Amino acid sequence: MAPNIASSDDWQVGGASLGSRFLLGTAGYPSPRVLADAIAAARPAAVTVGLRRTLATGPDNGFVGTVHAAAQAAGARLLPNTAGCRTAREAVQLAQMARELYGTDWIKLEVVGDEHTLQPDPVELVQAAATLVRDGFFVWPYCTDDLVTCRRLLDAGCAVLMPWGAPIGSGQGLLNPWALRTLRERLPDAVLIVDAGIGAPSHAAAALEMGFDAVLLNSAVAQARDPVAMAHAFRHAVQAGRTARRAGVMARQDFAVASTPTGGEAFLIGAP
(Lines give C-alpha, C1' and ligand atoms only; values in the text may rest on other atoms or scores of the structure.)
Protein backbone atom coordinates (compact mmCIF):
# COMPACT_ATOMS: atom_id res chain seq x y z
CA MET A 1 0.00 0.00 0.00
CA ALA A 2 1.35 3.45 -0.92
CA PRO A 3 2.27 5.68 2.07
CA ASN A 4 -0.09 8.45 3.04
CA ILE A 5 2.29 11.40 2.69
CA ALA A 6 -0.09 13.95 4.20
CA SER A 7 -0.52 12.05 7.46
CA SER A 8 2.77 10.16 7.85
CA ASP A 9 5.22 12.92 7.07
CA ASP A 10 3.91 16.12 8.67
CA TRP A 11 6.51 18.74 9.55
CA GLN A 12 6.57 21.50 12.14
CA VAL A 13 7.17 25.14 11.21
CA GLY A 14 6.53 28.12 13.46
CA GLY A 15 4.36 26.13 15.83
CA ALA A 16 2.19 24.80 12.99
CA SER A 17 1.98 21.26 11.69
CA LEU A 18 2.10 21.19 7.90
CA GLY A 19 1.10 18.19 5.82
CA SER A 20 2.28 19.36 2.40
CA ARG A 21 5.85 20.21 1.41
CA PHE A 22 4.69 22.38 -1.46
CA LEU A 23 4.26 26.16 -1.07
CA LEU A 24 2.70 28.19 -3.87
CA GLY A 25 2.85 31.80 -4.97
CA THR A 26 -0.23 33.69 -6.15
CA ALA A 27 1.06 36.23 -8.71
CA GLY A 28 0.64 36.25 -12.47
CA TYR A 29 -2.31 33.90 -12.93
CA PRO A 30 -4.65 34.39 -15.90
CA SER A 31 -7.65 34.98 -13.64
CA PRO A 32 -8.78 34.69 -10.01
CA ARG A 33 -10.71 31.55 -10.92
CA VAL A 34 -7.63 29.86 -12.34
CA LEU A 35 -5.67 30.90 -9.24
CA ALA A 36 -8.28 29.38 -6.94
CA ASP A 37 -8.38 26.15 -8.97
CA ALA A 38 -4.57 25.93 -8.99
CA ILE A 39 -4.46 26.27 -5.20
CA ALA A 40 -7.07 23.52 -4.91
CA ALA A 41 -5.03 21.26 -7.19
CA ALA A 42 -1.73 22.01 -5.44
CA ARG A 43 -3.01 21.50 -1.88
CA PRO A 44 -0.07 23.60 -0.62
CA ALA A 45 0.99 24.08 2.97
CA ALA A 46 1.02 27.85 2.45
CA VAL A 47 0.35 30.42 -0.24
CA THR A 48 2.34 33.61 -0.54
CA VAL A 49 0.73 36.97 -1.17
CA GLY A 50 2.45 40.25 -1.96
CA LEU A 51 1.41 43.19 0.17
CA ARG A 52 2.54 45.70 -2.47
CA ARG A 53 0.01 44.30 -4.91
CA THR A 54 -2.74 44.52 -2.32
CA LEU A 55 -1.88 48.12 -1.47
CA ALA A 56 -1.64 49.12 -5.13
CA THR A 57 -5.04 47.72 -6.09
CA GLY A 58 -6.84 48.16 -2.78
CA PRO A 59 -7.81 45.52 -0.21
CA ASP A 60 -11.31 45.21 -1.64
CA ASN A 61 -10.35 44.40 -5.24
CA GLY A 62 -11.29 40.74 -4.83
CA PHE A 63 -7.77 39.33 -4.98
CA VAL A 64 -7.32 39.08 -1.22
CA GLY A 65 -10.72 37.49 -0.84
CA THR A 66 -9.95 34.95 -3.55
CA VAL A 67 -6.65 33.98 -1.95
CA HIS A 68 -8.18 33.79 1.54
CA ALA A 69 -11.06 31.58 0.41
CA ALA A 70 -8.91 29.29 -1.75
CA ALA A 71 -6.26 28.93 0.94
CA GLN A 72 -8.82 28.14 3.61
CA ALA A 73 -10.52 25.55 1.40
CA ALA A 74 -7.17 23.87 0.71
CA GLY A 75 -6.07 24.00 4.35
CA ALA A 76 -3.18 26.33 3.49
CA ARG A 77 -1.81 29.18 5.57
CA LEU A 78 -1.18 32.68 4.26
CA LEU A 79 2.45 33.75 3.95
CA PRO A 80 2.68 37.50 3.14
CA ASN A 81 5.91 38.61 1.47
CA THR A 82 7.93 41.79 1.17
CA ALA A 83 8.55 41.47 -2.57
CA GLY A 84 9.84 44.65 -4.16
CA CYS A 85 11.73 45.94 -1.13
CA ARG A 86 15.29 47.21 -1.57
CA THR A 87 16.29 48.09 2.01
CA ALA A 88 15.92 46.56 5.45
CA ARG A 89 13.91 49.55 6.66
CA GLU A 90 11.45 49.26 3.78
CA ALA A 91 11.02 45.52 4.33
CA VAL A 92 10.42 45.92 8.06
CA GLN A 93 7.76 48.57 7.48
CA LEU A 94 6.01 46.41 4.88
CA ALA A 95 6.12 43.37 7.17
CA GLN A 96 4.49 45.33 9.98
CA MET A 97 1.71 46.42 7.62
CA ALA A 98 1.26 42.83 6.45
CA ARG A 99 0.81 41.63 10.02
CA GLU A 100 -1.97 44.15 10.57
CA LEU A 101 -3.69 43.38 7.27
CA TYR A 102 -3.43 39.58 7.25
CA GLY A 103 -3.33 38.86 10.98
CA THR A 104 -0.26 36.63 10.90
CA ASP A 105 3.28 36.82 12.30
CA TRP A 106 4.58 34.77 9.37
CA ILE A 107 6.46 36.82 6.79
CA LYS A 108 8.45 35.84 3.72
CA LEU A 109 11.30 38.32 3.79
CA GLU A 110 12.64 39.57 0.46
CA VAL A 111 15.22 42.35 0.14
CA VAL A 112 16.55 42.59 -3.40
CA GLY A 113 20.05 43.92 -4.01
CA ASP A 114 20.43 43.62 -7.79
CA GLU A 115 17.88 44.66 -10.39
CA HIS A 116 19.12 42.29 -13.10
CA THR A 117 19.28 39.03 -11.17
CA LEU A 118 16.91 40.03 -8.35
CA GLN A 119 19.52 38.54 -6.04
CA PRO A 120 18.90 39.18 -2.32
CA ASP A 121 21.07 41.76 -0.58
CA PRO A 122 22.77 39.72 2.18
CA VAL A 123 23.55 42.68 4.44
CA GLU A 124 20.10 44.28 4.31
CA LEU A 125 18.44 40.86 4.51
CA VAL A 126 20.20 39.85 7.72
CA GLN A 127 19.54 43.27 9.25
CA ALA A 128 15.83 43.10 8.43
CA ALA A 129 15.57 39.52 9.67
CA ALA A 130 17.13 40.38 13.04
CA THR A 131 14.76 43.33 13.48
CA LEU A 132 11.67 41.35 12.58
CA VAL A 133 12.59 38.41 14.83
CA ARG A 134 12.94 40.81 17.76
CA ASP A 135 9.52 42.19 16.85
CA GLY A 136 7.91 38.76 17.16
CA PHE A 137 7.78 37.70 13.52
CA PHE A 138 8.42 34.19 12.25
CA VAL A 139 10.71 35.07 9.37
CA TRP A 140 11.04 33.08 6.14
CA PRO A 141 14.05 34.75 4.44
CA TYR A 142 14.55 34.40 0.70
CA CYS A 143 18.32 34.12 0.26
CA THR A 144 21.01 32.74 -2.00
CA ASP A 145 22.74 29.41 -1.51
CA ASP A 146 25.69 31.07 0.25
CA LEU A 147 26.49 29.10 3.41
CA VAL A 148 27.88 32.06 5.38
CA THR A 149 24.81 34.23 4.71
CA CYS A 150 22.56 31.35 5.72
CA ARG A 151 24.44 30.98 8.99
CA ARG A 152 24.06 34.70 9.67
CA LEU A 153 20.32 34.38 9.15
CA LEU A 154 20.14 31.46 11.57
CA ASP A 155 22.13 33.49 14.10
CA ALA A 156 19.61 36.32 13.64
CA GLY A 157 16.85 33.98 14.79
CA CYS A 158 15.42 32.60 11.55
CA ALA A 159 14.25 29.01 11.90
CA VAL A 160 13.59 28.65 8.16
CA LEU A 161 15.90 29.40 5.24
CA MET A 162 14.74 29.74 1.65
CA PRO A 163 17.76 29.59 -0.69
CA TRP A 164 17.20 30.06 -4.40
CA GLY A 165 17.60 27.31 -6.95
CA ALA A 166 18.07 29.92 -9.68
CA PRO A 167 17.08 33.59 -10.20
CA ILE A 168 13.40 34.38 -9.64
CA GLY A 169 11.18 33.47 -12.58
CA SER A 170 14.02 32.01 -14.65
CA GLY A 171 12.80 28.41 -14.60
CA GLN A 172 16.39 27.16 -14.75
CA GLY A 173 16.02 24.71 -11.89
CA LEU A 174 18.80 23.84 -9.45
CA LEU A 175 21.78 25.65 -10.99
CA ASN A 176 24.25 24.85 -8.22
CA PRO A 177 23.47 21.41 -6.77
CA TRP A 178 26.83 21.35 -4.97
CA ALA A 179 26.02 24.50 -2.99
CA LEU A 180 22.54 23.22 -2.16
CA ARG A 181 23.86 19.85 -1.01
CA THR A 182 26.45 21.66 1.08
CA LEU A 183 23.72 23.67 2.81
CA ARG A 184 21.81 20.50 3.60
CA GLU A 185 24.90 18.76 4.95
CA ARG A 186 26.27 21.68 6.98
CA LEU A 187 22.92 22.85 8.37
CA PRO A 188 21.29 19.52 9.26
CA ASP A 189 18.85 20.95 11.82
CA ALA A 190 17.60 23.93 9.79
CA VAL A 191 14.37 23.89 7.79
CA LEU A 192 15.52 24.44 4.21
CA ILE A 193 13.12 25.30 1.40
CA VAL A 194 14.21 25.82 -2.20
CA ASP A 195 12.60 29.04 -3.38
CA ALA A 196 12.82 30.59 -6.87
CA GLY A 197 14.04 29.31 -10.21
CA ILE A 198 12.13 26.03 -10.25
CA GLY A 199 10.64 25.53 -13.70
CA ALA A 200 9.54 21.90 -13.94
CA PRO A 201 8.18 19.24 -11.59
CA SER A 202 11.43 17.30 -11.99
CA HIS A 203 13.29 20.24 -10.41
CA ALA A 204 11.03 20.09 -7.37
CA ALA A 205 11.45 16.33 -7.06
CA ALA A 206 15.24 16.72 -7.22
CA ALA A 207 15.20 19.27 -4.38
CA LEU A 208 13.21 16.94 -2.14
CA GLU A 209 15.41 13.97 -3.07
CA MET A 210 18.40 16.10 -2.04
CA GLY A 211 16.92 16.43 1.43
CA PHE A 212 15.30 19.84 1.30
CA ASP A 213 12.20 20.10 3.43
CA ALA A 214 9.97 21.76 0.84
CA VAL A 215 9.84 23.93 -2.28
CA LEU A 216 8.16 27.24 -3.01
CA LEU A 217 7.39 28.31 -6.56
CA ASN A 218 5.08 30.59 -8.49
CA SER A 219 5.90 31.24 -12.15
CA ALA A 220 6.22 27.57 -13.13
CA VAL A 221 2.52 27.13 -12.35
CA ALA A 222 1.16 30.59 -13.12
CA GLN A 223 2.80 30.74 -16.56
CA ALA A 224 2.00 27.19 -17.61
CA ARG A 225 -0.37 26.62 -20.51
CA ASP A 226 -2.63 24.85 -18.01
CA PRO A 227 -1.82 26.18 -14.49
CA VAL A 228 -4.24 23.85 -12.75
CA ALA A 229 -2.78 20.73 -14.36
CA MET A 230 0.73 21.98 -13.64
CA ALA A 231 -0.12 22.58 -9.98
CA HIS A 232 -1.35 19.01 -9.82
CA ALA A 233 1.87 17.76 -11.43
CA PHE A 234 4.03 19.67 -8.96
CA ARG A 235 2.07 18.34 -5.99
CA HIS A 236 2.79 14.76 -7.03
CA ALA A 237 6.42 15.54 -7.92
CA VAL A 238 7.01 16.96 -4.44
CA GLN A 239 5.44 13.90 -2.86
CA ALA A 240 7.52 11.59 -5.07
CA GLY A 241 10.75 13.40 -4.24
CA ARG A 242 10.08 13.28 -0.52
CA THR A 243 9.12 9.59 -0.63
CA ALA A 244 12.30 8.81 -2.57
CA ARG A 245 14.39 10.65 0.02
CA ARG A 246 12.84 8.69 2.86
CA ALA A 247 13.15 5.40 0.96
CA GLY A 248 16.86 6.01 0.29
CA VAL A 249 18.05 6.94 -3.18
CA MET A 250 20.84 4.61 -4.31
CA ALA A 251 24.40 5.93 -4.30
CA ARG A 252 25.89 6.99 -7.63
CA GLN A 253 28.73 4.93 -9.08
CA ASP A 254 31.43 5.87 -11.60
CA PHE A 255 31.35 2.37 -13.07
CA ALA A 256 28.84 -0.24 -14.13
CA VAL A 257 27.50 -2.65 -11.52
CA ALA A 258 25.63 -5.66 -12.81
CA SER A 259 22.18 -5.92 -11.31
CA THR A 260 22.21 -9.70 -11.78
CA PRO A 261 25.65 -11.11 -10.89
CA THR A 262 26.60 -14.36 -12.61
CA GLY A 263 30.22 -14.91 -11.62
CA GLY A 264 30.86 -18.17 -9.75
CA GLU A 265 27.27 -19.33 -10.16
CA ALA A 266 26.06 -22.29 -12.19
CA PHE A 267 23.39 -21.68 -14.82
CA LEU A 268 21.90 -23.47 -17.79
CA ILE A 269 21.58 -21.76 -21.17
CA GLY A 270 18.01 -21.93 -22.37
CA ALA A 271 16.73 -23.27 -19.05
CA PRO A 272 13.22 -22.04 -18.14
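**Close-up views of a predicted model**

View 1. The structure shown is a predicted model.

View 2. Four aromatic pairs are present in the structure. One of them is formed by tryptophan 106 and tryptophan 140; this pair is tilted, with 5.1 Å centre to centre and 55° between the planes. Tryptophan 106 belongs to strand S6 and tryptophan 140 to strand S7, so the pair ties together parts that are 34 residues apart in sequence. Tryptophan 140 has a relative accessible area of 0% and is therefore buried. Through ring pairs, Trp106, Phe138 and Trp140 are linked into a cluster.

**View 3. Strands S6 and S7.** Strand S6 covers residues 106–109; Trp106 and Lys108 point one way from the strand, Ile107 and Leu109 point the other way, and all are buried. Strand S7, made up of residues 138–143, runs parallel to S6 and is joined to S6 by four bridges. Phenylalanine 138 is the bridge partner of tryptophan 106 in S7. Between S6 and S7 the chain passes through helix H6 (residues 122–134), and this β-α-β crossover is right-handed. Lysine 108 lies over the face of tyrosine 142, at 5.7 Å from the ring centre.

View 4. Helix H8 spans residues 177–186, and its buried residues are Ala179, Leu180, Thr182, Leu183 and Arg184.

**View 5. Glutamine 239 in helix H11.** Helix H11 is formed by residues 227–247 and includes glutamine 239. Glutamine 239 counts as partly exposed because its relative accessibility is 26%. Alanine 214 is 25 residues away from glutamine 239 along the chain, and the C-alpha atoms of the two residues are separated by 9.8 Å.

**View 6. The chain as the setting for the close-ups.** The chain contains eleven helices and ten strands. Of its 272 residues, 47% count as buried. The accessible surface of the chain comes to about 13,500 Å², and carbon and sulfur atoms account for 53% of this surface. Among contacts between residues at least 6 apart in sequence, 65% join residues at least 24 apart.

Conventions
Residues are numbered from 1 along each chain as its sequence is written. This is a predicted model: local features need pLDDT of at least 70, side-chain atom pairs count only at pLDDT 80 or more; totals for chains, interfaces and linings use all residues. Side-chain values use heavy atoms; hydrogens and water are left out. Buried means under 20% relative accessible area, exposed over 50%, partly exposed in between (1.4 Å probe, protein chains only). Helices (H or I, at least four residues) and strands (E, at least two) are DSSP runs, numbered from the N terminus. Two strands pair if DSSP finds at least two bridges between them. A crossover is right-handed if, with the strands pointing away from the viewer, the path from the first strand over the helix to the second runs clockwise. Contact means heavy atoms within 4.5 Å. Accessible areas come from the Shrake-Rupley method with a 1.4 Å probe; for residues, only the protein chains shown count as cover. Rings of Phe, Tyr and Trp (its six-membered ring) pair if their centres lie within 6.5 Å; planes under 30 degrees apart count as stacked, over 60 as edge-to-face and the rest as tilted. A charge sits over a ring if NZ of Lys or CZ of Arg is within 6 Å of the ring centre and within 35 degrees of the ring normal.
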